[in-house]
2 protein chains.
Amino acid sequence: MRILPSFFRGAALASALLTMQGAAVLAQPTAVGSVRTAVNAWRRTHEREILDEAFALLSLPNVASDSAGIRSNIAAITAAFAKRGVVMKPMYAPSGGNPALVGELDARGATRTVMFYAHYDGQPVASGGWDGDPFKPELRKYANSVAGDAVALPAPGDTINPELRIRARSASDDKGPIIAMLAALDAMKAGGMSASVNVRFFLDGEEEAGDNHLGELLRAHKAELKADAWLFFDGPMHVSGAPQLVLGARGVSGVEVTFYGPNRALHSGHYGNWASNPAFAVAEFISSVRDANGHIKIANFYTDVMAPNATDIASARALSLTDDSLRTSLGLSHTEANNAALGERIMLPALNIRGIRAGGVGSSATNAIPTSASVSIDFRLVPNQTTAHLRALLNAHLKTLGYTVVADAAAVNNSKDRSRLAYVTWDSGYTSVRVPVATPVVQAVKRLMAKSYAREPFVLPILGGSLPLFHFVDALGATVITVPTVNADNSQHAPNENLRIQNLWDGIVVFADLMVGLGREWPATKGVVP
Amino acid sequence: MRILPSFFRGAALASALLTMQGAAVLAQPTAVGSVRTAVNAWRRTHEREILDEAFALLSLPNVASDSAGIRSNIAAITAAFAKRGVVMKPMYAPSGGNPALVGELDARGATRTVMFYAHYDGQPVASGGWDGDPFKPELRKYANSVAGDAVALPAPGDTINPELRIRARSASDDKGPIIAMLAALDAMKAGGMSASVNVRFFLDGEEEAGDNHLGELLRAHKAELKADAWLFFDGPMHVSGAPQLVLGARGVSGVEVTFYGPNRALHSGHYGNWASNPAFAVAEFISSVRDANGHIKIANFYTDVMAPNATDIASARALSLTDDSLRTSLGLSHTEANNAALGERIMLPALNIRGIRAGGVGSSATNAIPTSASVSIDFRLVPNQTTAHLRALLNAHLKTLGYTVVADAAAVNNSKDRSRLAYVTWDSGYTSVRVPVATPVVQAVKRLMAKSYAREPFVLPILGGSLPLFHFVDALGATVITVPTVNADNSQHAPNENLRIQNLWDGIVVFADLMVGLGREWPATKGVVP
């Protein structure tokens, strides 16, 4: 465990007094927003330095499979944290893979230890669509910019239009938060602010590559990774630009089901009203599992689903303020279930059709009965649902429809009963994780974010998409809260990924507020708060 | 109009007496099967010559797009018919294309003119699968043979195992019937048999290439092509080896319907239970148009469908004697509508799903809502159904489901109501044609086939597949009957196409019986039967 760097020590009490507010254990709350004021004042005179460091880091290719690129990122990040007095150490899974980088920053008298998660690897760079080298960062006027919109960096000491974007792979996903963490440490030092919790940095190196070694890594280093909470700095803020706090993520489980017809394609004229057509079977199957309002018709599907409570529903509805404009931008006059709120819908389990393949269409269409038809589905799971139960339910559903479920394609080839077989393959999947909104650390983070942004954050009870949060819950029993800091129009995973400058500036404030204030906003039931 | 070649003249009466039977206008029926006996006797001593001529013709590449190959076929076929006293003339469509070859052979005193249709072009030769050059014919032991199974030609005067196959492109589809026609003329001459109808030969040159010029060609030469009936020598005999007579073909009309979701693929976790998924829409659509027993659920679909009568149903059921073994060979334990007879099923209109495309499956699956989903369908039509009515019915069905039908993809791109659009495109299609079984010429051909094969032929009221027969009905008002002579396992359109020797021998008898007997079996209501 590292010793708090000397520059934090003297300032600890002063900064605690500057930043505390509303915490019962403290006698004298100080002015609201003082961390924000101090950080922003420091930042305004250091914009060029922050951007220089950002550009240097974003110039390093960081696709997880690129070993040389990953090594250069590890070296640069380790050096950057070392400059702030934090020793980053590589932490490996026993079977290998890119290491996580883990650093410790203890606070004098702190009773809480909080992990700050981000990832330093990035999405692969597809061949097309970028308006320049993804690893040559540039300032651009707009989110969807072109090469001619480039803007020069500010002179040292000058400020810059905060609506500009940094265009580079990983600008938002997920080096942006790392850059903000580093600047926050600088701003705290400059402003004489110290942390009130023991901070741990955990920078994942394989998030965009599927985190195949993560569960193993966490189990192998469980003791070193003990923490009272994990804060995840990943993903975008609300599409309206509002701050939001995400308390969990739906799980996901993918499945492909293949139905069969005759063992050779048959002429549709000679056999088309006689031999069963698997394209019809797949359509009937799809119609049997889900209705037009998204309700899943598989028997007993909802028996282990916990219905969202009134608070969750209210939170989710509050988030859905842009549903109408989103529909318009997507070319949809209406959405499912009578335009029910998006935020409310994603608290429910869901069944999505990823794709269907049968025979041919367009110029590939032939007057034939295809031999098989497949549907690929992803289920989104909510807390309490298990993938094992899901599998059992789908198998039972297929049996009710008259199918024999086979898990081996070879069993189909020699069957005399092909049209009664369903070949089912599942991917590994994630379960859902979720922290209740009433959890004290959730309320503490929410109060601090309200200070950072000078507005109340939305609370998203559960993210519609799926994150590998369950690894941390499974391996460590962690309490995981996601605190997005980057803009929603960041084009993550896509060409011309970008980070809005104001989101970077606000991210610095959020990190400082959390480090400085979390020990006060979230008092331990035992132990001493300084 | 050609004059009957001299060798037919003297023999005309004698052969008429030899071949007549049961025709009311003739005083003295002769022994059943006498044409068959005489033709087979002649053939037994000429097998080598017939095979030599067949091999020569099958050595000429005849893919419709191969102009040089087509020219050499025209020359060879014209020379072969000339040797039998028939002048073949090329007949062109005004806009070009390969000519049909048309020849005339008048019979003294005949009151009927009958067209014999075959086609001299062949299917393209796919790159793989052949066990030797498709245009180097060989004798083989089996239908699915390999190079080592080659058998030598018989010595002149010797006979050969009639189960052997001629392996070559077009052996069955459709040069086999042309070879049999030529041998039949030789056998008739040798046996002193003459035709009792005016025979016309019409050899199509673009059948396997879609017959794009055929309708135009027929309209341009309508006067020259006047005939009391057209006999089509194309397609295989019944799978059991039994002779069959085909009285029509279902029509076909292809359509593709595309449904739409959001205008960009959306993350299924973030939007999957909210934005409508076109893959689900396409499945619901398919389930709405057809039930699991093949019944078409589109409103009013059956209003213009003439139900098959009891005779037709009985004929169709009689044909379905191999349904069980066919199911077994296809890996199907059952077929639609409680294993209803294949022959009966194909008398009904049908809706076949040719293919479905939406999103991705397998390694192409992504957790996304696809932007569109398409289904390709072929409708099989029965007599009285029109493609115009079909289109109106499908449009009305889509409207009932809440869709706006668009025929222009551009209308979709800028729509704000994408999920309510259905983009519908139709191909040109064929209507169905059919001759009633009670038609006198049908009964006459049936009686003559019973003689040729010494067994009653099946009557297939309508072929499940679709043939361009409608061109002849549309352009000429023709009565069209199909008389298949080749083996069902001939691998037409596939590698190692073959013709069973016994089918070639029997074909010669059929041609002779029809030419010699049709004028007697099918007396004109006016005019003189010699």
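Modeller: In strand 15 of chain B, B:Ile356 has B:Val375 as its bridge partner. This is a predicted model, where local features need pLDDT of at least 70, side-chain atom pairs count only at pLDDT 80 or more, and totals for chains, interfaces and linings use all residues. Residues are numbered from 1 along each chain as its sequence is written, chains are lettered from A and ligands numbered from 1 in the order in which they are written, and side-chain values use heavy atoms, leaving out hydrogens and water.

Biologist: Why are strand 13 and strand 15 of chain B said to pair?

Modeller: Strands (DSSP runs of E, at least two residues, numbered from the N terminus) pair if DSSP finds at least two bridges between them. Strand 13 (residues 350-359) and strand 15 of chain B have 8 bridges, in the antiparallel sense, so they pair.

Biologist: Which strand do 10 bridges join to strand 15 of chain B?

Modeller: That is strand 11 (residues 251-260) of chain B, also antiparallel. There, B:Val257 stands opposite B:Val375.

Biologist: What makes strand 15 of chain B mostly covered?

Modeller: Buried means under 20% relative accessible area, exposed over 50%, partly exposed in between (1.4 Å probe, protein chains only). In strand 15 (residues 372-381) of chain B, 9 of its 10 residues are buried.

Biologist: How do you know that a two-fold axis relates the chains?

Modeller: Copies are superposed by least squares on the C-alpha atoms of residues with pLDDT of at least 70 in both. A rotation of 180 degrees with 0.3 Å of shift along its axis brings chain B onto chain A (RMSD 0.4 Å). That is the relation of a two-fold axis. In chain B, the C-alpha of B:Ala283 is nearest the axis, 2.2 Å from it.

Conventions: Helices (H or I, at least four residues) and strands (E, at least two) are DSSP runs, numbered from the N terminus.
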